[in-house]
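Here is a briefing on one protein model, grouped by topic. Please look over the sequence and the structure first.

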Amino acid sequence: MHDHSNFTFLQAEWPAVHEAASKAETLVHTDARAACFYTRRALELAVNWLYQHDSALKRPYKDHLSALLHEPSLRSTLGDALFAKAQVVKELGNLAVHSARKVPTTDALAATRELFHLGYWLARTYGRTNRPDPTLGFNAALLPKPAPTTPAPAPQTVAQLQKLERDLAERDQTLASALSANAALEAELQAVRAQIAAAKQANAATPDTHDYSEAQTRDFFIDLLLKEAGWTLDPAKNFEVEVSGMPNAKGEDKGKGFVDYVLWGDDGRPLALIEAKRTRKDARVGQQQAKLYADCLEAQYGQRPVIFCSNGYEHWLWDDTQYPPRAVQGFYKKPELELMVQRRSSRQPLASAEIDAAIIERYYQTRAVRRIGETFERDQQRRALVVMATGAGKTRTVIGLVDLLTRCNWAKRVLFLADRVALVKQAADAFKTFLPDSSPVNLLTEKHTEGRVFLSTYPTMMGLIDEAADGTRRFGVGHFDLIVVDEAHRSIYQKYKAIFDYFDALLVGLTATPKDEIDHNTYTLFNLETGVPTDAYPLDKAIDDKHLVAPTPISVPLQFQREGIHYADLSEAEQAQWDALEWNEDGEPPPDSVEAAALNQWLFNTDTVDKVLEHLMVRGQKVAGGDRLGKTILFAKNNDHAEFIALRFNANYPQYRGEFARVITYKTAYAHPFQGDRPEALRSRAVEK
């Protein structure tokens with residue numbers, strides 16, 4: 001390591017971050033690609049340190065960098081400016097590892113500069129011993145340059161960096177597993193967390209006067225987002241474009257104006273303009289000025305551009321011929337802008353277009369499609385929520401909607417999201433059956449196939465958002481015109497909010513939850529009044545219409561399930577089992593009783609499960625003339641409870657050789673073949689609720 005570094009202040013408390021950051025700055029002028037790789041590596045180490053040591057942060061569904069950064073608790077901790085810096089470091093690192101394009105020194109310099117400010121914030125906020133000097137700034141002169149007479153080593157290739165990335169990830173995982181298995185280290189970590197919390201509180205008491213170079217971040221971030229959208233910027237054509245006809249210009253420049261960015265179509269006409277404002281200003285401050293620029297460009301070229309307003313961190317899109325301004329996560333690709341402009345004249349009315357009766361057969365499905373169409377067309381709202389009882393044909397309804405929107409040129413590409421692999425496969429099969437021309441693509445099995453309807457689980461889509469080819473994202477913010485969310489509820493948006501923030505698309509949520517049981521926040525997400533979905537077809541109506549059959553409740557007389565369990569009432573063997581359970585993490589004595597509502601949280605009672613299974617086998621719904629039990633679902637408390645039920649079934653009914661009762665939860669691999677059970681291979685299923 002060289003003696004003079006921008007990152008010396010990290011060495012004492014964050015040696016791993018310091019090592020990667022120092023490596024990055026030594027490579028800026030000799031191997032820009034590797035420098036960007038190491039800045040991303042340093043960021044990953046810093047972010048993982050934060051989640052491990054700051055108890056205020058909540059780990060997201062997945063531990064890849066994008067998910068960690070977008071988790072609301074971390075994003076709010078960082079704030080907009082630092083979040084944007086982290087995005088710059090992450091994206092430049094991704095480009096270095098996954099793009100064959102040449103990485104310029106300017107990118108490596110920008111990544112190192114932004115990493116410096118993130119590192120400064122980390123040390124200033126969480127430092128326990130040495131906090132960096134408030135006057136400390138990034139010094140590009142400290143970045144070593146190769147001597148003219150010394151031949152520079154060969155830059156690392158994309159393949160070499162990808163292998164290095166895999167090796168480091170494997171090493172990190174091995175180390176994390178070893179640490180998590182060490183109880184003494186876990187206890188020590190708890191003590192460190194308390195110290196860090198105290199240091200964080202004390203450090204916050206002193207105002208942060210550090211210059212975080214927000215203007216540089218803003219300008220670079222806008223350019224980076226445009227690069228990710230596939231735009232090649234030419235200073236002579238795209239920046240500070242002169243227009244005439246501005247009403248407020250005076251003096252020699254009367255009538256003149258200069259547009260910060262103009263994005264041009266292949267025909268030489270403007271597709272979009274970007275009005276960039278200072279970071280500390282709301283991005284929408286430039287809205288009126290941008291509108292005037294759009295007027296000037298339209299008068300000069302005969303085509304009105306789409307308007308973007310940005311402060312570098314917040315971006316607003318305004319196609320003022322169609323919708324009011326709305327927040328977006330980035331900029332559209334050229335083909336997406338061309339399609340948006342073309343639709344101004346080619347989009348057909350939804351209200352008068354026919355709905356394909358071969359896809360939708362029932363009145364309430366047609367009604368739902370019409371009401372969604374009214375929401376989009378008449379009300380100019382971009383979100384709709386449909387409540388429809390399970391089994392009433394939600395997927396068919398959506399296919400009818402997609403067919404209508406594509407025929408009327410409202411949608412070209414559609415994304416269908418579900419929370420289970422089996423549901424994605426079912427929906428893909430339904431699209432192939434009822435709308436084969438949509439070229440449905442199951443992203444779980446066809447990750448690189450192109451089509452018009454893409455189907456995916458939420459985690460898979462989260463991973464694909466960052467996928468890029470030669471520096472251009474595969475799925476840009478405007479890639480999809482419509483997103484359909486199966487089983488839409490609040491937890492989906494809390495867990496995978498980044499998907500819905502990223503894509504700028506019409507949104508339709510589907511749910512079987514009764515409209516009065518949908519929480520207020522879900523209605524808010526769809527911009528709806530609480531209790532008033534876009535359309536509803538409840539279970540009782542489906543039963544009245546004879547499209548569904550009413551369930552027949554049967555009471556099973558089980559004392560534990562009704563009254564809970566009391567320690568004093570148990571046998572000695574059961575009391576021993578009770579005492580052996582880990583009731584809490586603090587080593588406190590077990591409770592004297594467990595109420596009925598909490599029973600399965602703590603105790604999987606053998607006798608209770610056996611009685612339920614016996615009741616089912618004797619009195620359950622029978623088929624084949626009453627000779628055998630029909631297909632049955634048992635809803636369990638959690639995965640462990642489902643496994644326990646299957647274990648007890650096999651113990652009580654060994655004659656079925658483990659083929660009758662099967663566990664199907666989110667952990668079950670190859671669960672989808674169970675949907676095509678042969679009649680002679682009946683299975684009851686323990687499914688996680």
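The structure holds 0 disulfides, a disulfide being a pair of cysteine sulfur atoms within 2.5 Å. Buried means under 20% relative accessible area, exposed means over 50%, and partly exposed is in between (1.4 Å probe, protein chains only).

This is a predicted model: local features need pLDDT of at least 70, side-chain atom pairs count only at pLDDT 80 or more, and totals for chains, interfaces and linings use all residues. Residues are numbered from 1 along each chain as its sequence is written, and side-chain values use heavy atoms, with hydrogens and water left out.

**Confidence and overall make-up**

- The average pLDDT is 85, and 88% of the residues score at least 70; pLDDT is the predictor's confidence in each residue, from 0 to 100.
- Residues 675–689 have a pLDDT below 50, yet this stretch has 48 contacts in the model beyond near neighbours in sequence. Contact means heavy atoms within 4.5 Å.
- The protein has 24 helices and 22 strands. Helices (H or I, at least four residues) and strands (E, at least two) are DSSP runs, numbered from the N terminus.
- Of the 689 residues, 48% count as buried.
- Among contacts between residues at least 6 apart in sequence, 66% join residues at least 24 apart.

- An open sheet is formed by 7 strands in the order 9-10-8-13-14-7-15, with parallel pairing. Two strands pair if DSSP finds at least two bridges between them.
- Strand 9 (441–442) and strand 15 (535–537) are at the edges; each has a single partner strand, so one side of each is left without a neighbour in the sheet.
- Strand 9 runs parallel to strand 10 (residues 453–457) and is joined to strand 10 by 2 bridges. Here N442 stands opposite L455.
- Helix 15 (residues 458–465) packs on this sheet and touches strand 8 (414–418), strand 10 and strand 13 (482–485). The direction of helix 15 makes about 110° with that of strand 10. Axes are lines fitted to C-alpha atoms, for helices over the stretch in contact, and angles run from 0 to 180 degrees between N-to-C directions.
- Strand 13 is joined to strand 8 by 4 parallel bridges, and F416 stands opposite V484.
- Strand 13 also pairs with strand 14 (residues 506–511) in the parallel sense, over 4 bridges. L482 stands opposite L506 there.

- A second open sheet has 6 strands in the order 1-2-3-4-5-6, and its pairing is mixed.
- Its edges are strand 1 (239–244) and strand 6 (326–328); each has a single partner strand, so one side of each lacks a neighbour in the sheet.
- Neighbouring strands of this sheet are turned by 40° against each other on average, direction ignored.
- Strand 1 and strand 2 (residues 256–264) run antiparallel and share 5 bridges. The bridge partner of E242 in strand 2 is F258.
- Helix 8 (residues 214–228) packs on the sheet at about 40° to strand 2. Among the strands that helix 8 touches are strand 3 (270–276), strand 4 (306–310) and strand 5 (315–318).
- Helix 10 (residues 287–301) lies across strands including strand 3, to which helix 10 runs at about 155°.

**N238**

- N238 lies in helix 9 (residues 235–238) and is buried at 7%.
- A polar atom of the N238 side chain lies 2.7 Å from the backbone nitrogen of D234.
- The N238 side chain also reaches the backbone oxygen of V262 at 2.9 Å.
- Not counting residues up to four places away in sequence, N238 touches residues including D260, Y261 and W264.

**Positive phi**

- Most residues other than glycine have a negative phi.
- N409 has a positive phi of about 65°. N409 sits in the loop between helix 13 (394–407) and strand 8, and is buried at 19%.
- S439 has a positive phi near 50°. S439 is in the loop between helix 14 (421–434) and strand 9, and is partly exposed at 35%.

Technical notes:
A polar contact is a pair of N or O atoms within 3.5 Å; within protein, one must be able to donate a hydrogen and the other to accept it, and residues adjacent in sequence count only if both atoms are side-chain atoms.
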